[in-house]
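Have the 3D view open as you read.

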Amino acid sequence: MSTASMASNTALDSTAYPLSFALTPSTTARAEAERDEILADPGFGKHFTDHMVTIDWTVDQGWHDARVTPYGPLQLDPASSVLHYGQEIFEGLKAYRHADGSVWTFRPEKNAERMQRSAARLALPQLSVEDFVQSIKQMIAVDGDWVPSAPETSLYLRPFMIANESFLGVRAAHRVGYYVIASPAGAYFADGVAPVKIWLSTDYSRAGRGGTGAAKCGGNYAASLLPQMQAYDNGCAQVLFLDGETGTHIDELGGMNVFFVHGTDRLVTPRLTGSILEGVTRDSIMQLARDRGMTVEEREVTVDEWRDGIASGEITEVFACGTAAVVTPIGQLKGKGFEIGDADAPAGEITLALRQELTDIQYGRLPDRHGWLTRLDA
């Protein structure tokens, strides 16, 4: 197959019809009592449900052989492309149990569209939005009992795609696997929403111009692990990165977008430059802020503006957002030889209000006026 033909296959969804999923039930599924014990204190990413979704793709057949099978190890040849060239992407979203027992997820089409963009950047085939959402529904159809019901808990869903062709040449893989696994998640802030300290990395960048910063791929997270360790060493919960080109503009945290509240009516966040991940939570927060009559600005933000804004009182609150924590207040930014903000300051009023409104929509406690929710168990 020519390079041009290969590019065409990876740039477009190669399945023109909805996939049908075959089911192989697990013969070793956890008993109800064992599952309930796990759900009572699930943590995050420590336990996994009884099943997983798998869909195969080849350059000749496109997407095919969609199935739900017992959760278990993947069999990979040592020459699999993903092991040598890191050709992989992933997503993260949650399933929420509402008060009536029904199970819903939040804006899954946005995750599907972002996964398509990530696939295009990593020269992987694009899975259709319809098949992406259906793969999530198939997981809930068989493992819906794993969605916890305690306040602020959820079932974290992890779709991912890897190049599993056995080939050591440097080119886009001709065989790919798409998978979905699921893990029950406890409340992120078990003792209430608490502000965190953030470490500013000046030695490392998360992504560079023309790189993979806008794609949700493992390499971006691997690059953040060393500076994240530095953050821990300095008593901080997360690391903040500057742009890789000038080293002056704020990009994002290791796994979260960042926002600045100006006064009571203005919300500012770094603009998408190609090196910042376009977060679903980020987009939702901006919409909820606009609904409140706030002005939302996407623009360059510098550390000096952060420092000066806190000192003058112009910046009244700072927070980060992402799927796992939803919204996390930032009390203080630390760096080599400086501190900005107060580590003991309480969470801001607007920060908490936006977080509460968003989670109330996700858990069905407020009307879904934007049509963001998709029912998974119907």
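Which strands and helix do the buried residues of H5 pack against? Keep in mind that you're looking at a predicted model. On the strand side, the buried residues of H5 pack against E2 (51-58), E5 (93-97), E6 (103-106), E7 (154-163) and E8 (175-185). The helix they pack against is H4 (108-121).

So who's doing the packing? The buried residues of H5 are Asp 131, Phe 132, Val 133, Ser 135, Ile 136, Met 139, Ile 140 and Asp 143. As you look at that list, remember that an α-helix has 3.6 residues a turn, so residues three or four places apart point the same way.

Now zoom out. The chain holds nine helices and 18 strands, and its C-alpha atoms fill a box of roughly 60 × 50 × 40 Å along the principal axes. For 378 residues, a compact globule would have a radius of gyration near 21 Å, and the chain has 21 Å, which agrees. Buried residues make up 52% of the chain. Of the contacts with a separation of 6 or more, 71% are between residues 24 or more positions apart.

As for charge, the chain has 32 positive and 49 negative charges, and their mean positions are 2 Å apart.

Technical notes: Residues numbered from 1 in each chain as written. Predicted model: local features only at pLDDT ≥ 70, side-chain atom pairs only at ≥ 80, totals over all residues. Heavy atoms only, no water. Buried < 20%, exposed > 50% of the residue type's maximum accessible area, 1.4 Å probe, protein only. Helix = DSSP H or I, 4+ residues; strand = E, 2+ residues; numbered from the N terminus. Contact = heavy atoms within 4.5 Å. Rg over C-alpha atoms; globule rule 2.2 N^0.38 Å. Lys, Arg positive; Asp, Glu negative; His and termini not counted. Charge placed at Lys NZ, Arg CZ, Asp CG, Glu CD.
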